[in-house]
Amino acid sequence: MLRTRQQTLVINIKNNIFLSIFVSMKWFLKITLFTLLISLVWSCEDASTKVGELKDFIPENTSVVFNISDFETLQADINNNDLISKFSKTSAFSFISENNLLNHLQPEGKSIFCVNKNPSAYTFITKQTGNVLVLDSIKNASSEEILIDKHPIYKVLIDSVVHFTTLKDSVFIASSSQTLLQNILKQKVETNPVFQKINSIKNEEGFKAIIKADNIVINDSLAINFASLASLNTQILPDAITATGVVLDRDSLPQLLSVFKGLVPQQNDIAKITPVDAKSVISLTYNDFEAFQENCNTYNNQHDDSEEIISLLDAISEVSFVEHRLGNSIVLNSVDPSTTKEELVRFSTQKEAFKEVMLHDLNRSNLFSKTFYPFFEQTEMNYVFQIDQFFVLSENEEISKHIISSYLNNNCLVNTNYYKETVSQLSNASSLLIMKLNGNFSSSIASLFNSENTSEIQKINFKKYPLAVLQLSYDRDFAHLNFVCKEVSSQKRTSGIVSQLATITFENDLLNEPQFFSNHRTKGKDIIVQDITNTLHFVSEKGKTLWTKKLKSPILGTVQEVDILRNGKKQLAFTTENNFYILDRNGKAVAPFPLKFKDKITQPLSVFDYDNKRKYRFVVTQGKEVLMYDSKGKIVKGFTFKKASSNIVLAPQHIRMARKDYILIAEENGTLNILSRVGKSRVSVKKKFNFSTMPIAKEADNFVVITKENSKESISQTGKVISKTLKVSSNYSFTIKGKTKVTLDDYLLRINGKLIELPFGIYTQPKIFSVNRSTYISVTETQEKKVYVYSKNGTLLSGFPVFGASNAELGDANKDGKLNLIVTGSKNVVIYYSL
């Protein structure tokens, strides 16, 4: 697709502004590391009695000036920097490995390295000392003296590469251009007051780059006058490049930086809504939109005084352009969301809700086509939606839904460890913030080199650098600058990230919560769920429906995993109102199942595996009656308990305690039957209980019943009952699994005694999961639809809460050691997450 001149201008402005530091580094490597090495100083040269200043020999119209305090240290820093080393195998830098000349150059004290782009040439300037470089120590080196106006210039040839050196006022000067060197000898001392001012800024880091920013060239020969000069105190570390400095706005002609004149930098919140997999962000802030617009009009030499635009953007403090592989978006950060919402009504039409966020069609796709030029690409925006204080205009529905999901799932940039670490090195507020994410700057860097180098540079993997940030904060007639690009380990990069792997949409609303089901082929997990038409869906971990089966009625409780053939291949076991099913993973019934019943089944299927030998006992409950079956579908004759004295109110349970098996059957009349394997009474309990819906739990060596009156009844193996009145609300829940005990009293969650105060809300009963030898606890707030997952020590997992409307199910679905989670997203949607 062809780009317009304006689009190309926008893209390259961002690239060049953001990569000014990289420009300097690349020029320094591309030209300096070779030609600096061979800047020959003759120890026999007679020194002039006059001592010159290094800065007096900086060539006119220099694009980049490097002030170097310690050349040897800088050399080591560059060699040890991982980011710069990535270019070592490209043809643009092949000379570095082929010519080891840098070791021969030994300047003492300060030096200056300059880059001229037109013509392309370098200049190296340092004080003359006795042994800056000894020519005799370099192989294939020769020199020839040339007299220009009676001043000697030396033409130095090393491995067929030509350089020119001279000495003036005790200052050694080397250049790749004879013409440039001759001009330096003739020129007067630099009198540009802007350059003198910025060059005088103290360099605390030992390496300062001064970059000319008034003529940023772009691919189609257009140029942008961004600012006058930038001074960067640069620090090169093994795992990072950082810089601080200033950018001057001192030109009689309008410069792009001047659009922030008279405005106060504001806090950037764009990271709160930027998906972690975005490619880039450019964010502008202002405290007065009319003043900002007036500055933009002056710069662009146009008049855009649309009252509707002013009224819409007057309550906005930050405007951002977010680039993503799925599409682009513009994000408005409002200080008065209600006002902004009212203003947007005239431009939008309600479309549909996604995760309870209403999407609108945007009636004016080019709403901001000129307002933020040339900062933003002129992309047509077709949708708009609001999340909290953010109003997002997006290209398409896909990126809209992705941003919504990322925000609701805490899967945004602000939640990452590397962003938190980077932002600690930035100012609290900025005028202009540019971020390159997930190593997406190879194309930008490639554009700085010749076309023959582009493809190989684009192939370089920068994924170890998930975030590079350039920040400008305007202050009078200059801006403070911060730059951070830091390597991040894969563990830090993924820590705290919950990714939404799939959103599975069904034709009909769902009847129950999704479950994981073991896949013996992949060793991972598939997904099962039933919809309101009583259709059972079996879905792969990738979201593909493998099969469906229409049932006559809803499944009671949950589906149980069994292996009745004892060959490692799991089956689905469950009951409906009149049937007991066992299906294989292909949805086919396993003979002799299903078993059909004339009378209604009143409780979920109970599955007992006493010795973990897969000799299952299946218990079907019909009112008062209990029917126990074996794996062949036959009644277990040895089980003698056939009928209770009243209706059974909980699914029969099996608890193993002190090497004994107990079967517990709770009745409507308050009787608790504690039986042996064969159905005979093993523990006699005289007390009656008003059973709640909570299953009977095992705590230490006791059975625990939580009654409807919130009384905790602890029953010993001898039948002794200890009662304790719980001072809790009616929304109390209690569950134990192994050594993990969890209670929830309204919004007060306790995990093994540790109190966690959840936000106010209505919560589901907590669930305990064991995944990869770790224990997790999940609970869902049903009004805000947020799923919380905690470790057994009561720590909320990074990245949570995430969006979800039901109880969650946890497991390792891909057998990759990562935790997966499935949950209902809306009435007919299952969301599949990965940590």
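A: Two residues are in contact when heavy atoms of theirs lie within 4.5 Å. The model is predicted, so local features need pLDDT of at least 70 and side-chain atom pairs count only at pLDDT 80 or more, while totals for chains, interfaces and linings use all residues. Residues are numbered from 1 along each chain as its sequence is written, and side-chain values use heavy atoms, with hydrogens and water left out.

Apart from neighbours within four places in sequence, Gln 653 is in contact with Phe 608, Tyr 662, Ile 663, Leu 664, Pro 695 and Ile 696. The side chain of Gln 653 also reaches the backbone oxygen of Ile 696 at 2.7 Å. Gln 653 counts as buried because its relative accessibility is 16%, and buried means under 20% relative accessible area (1.4 Å probe, protein chains only).

Elsewhere, nonpolar cores can be examined. Such a core is a set of buried Ala, Val, Leu, Ile, Met, Phe, Trp, Tyr and Cys residues joined through side-chain atoms within 4.5 Å. The largest has 73 residues, of which Phe 292, Leu 313 and Phe 368 touch the most other members. Leaving aside neighbours within four places in sequence, Leu 313 is in contact with residues including Tyr 286, Phe 289 and Phe 368. A second, separate core of 32 residues includes Ile 270, Val 392, Leu 413 and Val 484.

Technical notes:
Buried means under 20% relative accessible area, exposed over 50%, partly exposed in between (1.4 Å probe, protein chains only). A polar contact is a pair of N or O atoms within 3.5 Å; within protein, one must be able to donate a hydrogen and the other to accept it, and residues adjacent in sequence count only if both atoms are side-chain atoms.
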